[in-house]
Amino acid sequence: MDDEAEKIPASRPARLGRGLAALIGEAAPDGMASAPEPKGTRNVPIEFVRANPNNPRKTFAESDLGELTDSIREKGIIQPLVVRPIEATPGTYEIVAGERRWRAAQRVGLHEVPVVILNVDAKEALELAIIENVQRADLNPLEEAAGYDQLMEQFNYTQQDLAKVVGKSRSHVANTMRLSKLPEGVKALVLRGDLSAGHARALLTSKSPDSLAKRIVEQGLTVRDAERLVQNEDQQPSETGARKAAVVKDADTKDLERILGQLLGLSVNIDHKSGGGGVLSIKYSTVEQLEAVCQRLKA
């Protein structure tokens, strides 16, 4: 949350309205709900600023933090932190946006930091923290999933509400939230950056996600490779399947399956029936893949 964030679409009640960029100085577009006006920029002692315990972002890459520390040491803090007053302890503030800058400033040894003060309550601060992080892609997939879950549990958001607010598709929100159901071993690989969000989503339908995740990392497999492996897991030798496998397809049918598969990026099967008819099946692993096929068919 250290660069200026994009504005948030007005899709929730007045408590959201605008993004942090609007709150700290930009005018709200027509139709946007009003939000508390900031009191302006001021310098406050760094020891009077506290991290937000509900900040969905829990991990801070050492390389990024080191680079920011060097920049602040050379040029100072260019963009102020966004904070809110802590009522229980007057004169102290909780960070709404800018925890990475605050951490880097501590490393540099700054005694004061520039802040913009917003008069928002804890609920509004949490909403802004989650939404701004998601919009800026500052969260790893599991932190994003936890943020969505927190908004839904505490503030009665629906998946459609979240999709509109953060500018993502509903299927993206749904699939991201499902990542929390992955085994702990797979989650650890995602947190370390060994597996991408795409890999993790492909593993959601796997019968052996731990072993498959290990194989992906060891062999450096792509997301598409992972999706194919999961698809192959589902091809069990049932009695019906065995009969189908016994049927030798002609070269034209195999070639057509290959062409369609390349066009769609998915596994395609053509099963001819007696009498001239047949079945064309397209196998997908995620809702996003299904939506992509539907969009192509509509076009």
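The secondary structure of the chain comes to 14 helices and seven strands. Helices here are DSSP runs of H or I with at least four residues, strands are runs of E with at least two, and both are numbered from the N terminus. The model is predicted: local features need pLDDT of at least 70, side-chain atom pairs count only at pLDDT 80 or more, and totals for chains, interfaces and linings use all residues. Residues are numbered from 1 along each chain as its sequence is written, and side-chain values use heavy atoms, with hydrogens and water left out.

Of the 299 residues of the chain, 43% count as buried. Buried means under 20% relative accessible area, exposed means over 50%, and partly exposed lies in between, with a 1.4 Å probe and protein chains only. Among the contacts in the chain with a separation of 6 or more, 66% join residues 24 or more positions apart. A contact means heavy atoms within 4.5 Å.

Start with helix α2, residues 62-75. Its 14 residues reach 20 Å from the first C-alpha to the last, close to the 20 Å expected at 1.5 Å a residue. The expected span is 1.5 Å times one less than the number of residues. Leu 65, Leu 68, Thr 69 and Ile 72 are the buried residues of α2. They cover an arc of only 105° around the axis, which puts them on the same side of α2. The arc is taken from the directions that run from the helix axis to the C-beta atoms. An α-helix has 3.6 residues a turn, so residues three or four places apart point the same way. The face of α2 turned away from the buried side carries exposed Glu 67, Glu 74 and Lys 75. Just after α2, Gly 76 takes a positive phi of about 85°.

What do the buried residues of α2 pack against? They pack against α3, residues 99-108. Two packed helices are described by the angle between their axes and the distance between the axes. For α2 and α3 the angle is about 65°, with the axes 9 Å apart. Axes are lines fitted to C-alpha atoms, for helices over the stretch in contact, and angles run from 0 to 180 degrees between N-to-C directions. On the α2 side, the contact is made by Glu 62, Asp 64, Leu 65, Gly 66, Leu 68, Thr 69, Ile 72 and Arg 73. On the α3 side are Arg 100, Arg 101, Arg 103, Ala 104, Ala 105, Arg 107 and Val 108. By class, the contact of α2 with α3 has six nonpolar, two polar and seven charged residues. Ala, Val, Leu, Ile, Met, Phe, Trp, Tyr, Cys and Pro count as nonpolar, Asp, Glu, Lys and Arg as charged, and the others, Gly among them, as polar.

Next comes a strand residue. Glu 94 lies in β4, residues 93-97. Glu 94 is buried, with a relative accessible area of 12%. Not counting residues up to four places away in sequence, Glu 94 touches Arg 50, Ala 51, Asn 52, Pro 53, Val 82, Val 83, Arg 84 and Ile 86. Asn 52 is 42 residues from Glu 94 along the chain, and their C-alpha atoms are separated by 5.8 Å.

Move on to helix α10, residues 209-219. Pro 209, Leu 212, Ala 213 and Ile 216 are buried in α10. They cover an arc of only 105° around the axis, which puts them on the same side of α10. Lys 214 and Glu 218 are exposed on the other side. The buried residues of α10 pack against α8 (184-192), α9 (197-203) and α11 (223-233). Just after α10, Gly 220 takes a positive phi of about 65°.

The axes of α10 and α11 come within 11 Å and cross at roughly 145°. Leu 212, Arg 215 and Ile 216 of α10 make the contact with Ala 226, Leu 229, Val 230 and Glu 233 of α11. The residues of this contact divide into five nonpolar, no polar and two charged.

Leu 195 sits in the loop between α8 and α9. Leu 195 is buried, with a relative accessible area of 3%. Not counting residues up to four places away in sequence, Leu 195 touches Val 186, Leu 189, Val 190, Leu 203, Ala 213, Ile 216 and Val 217. The C-alpha atoms of Leu 195 and Val 217 are separated by 7.1 Å, with the two 22 residues apart along the chain.
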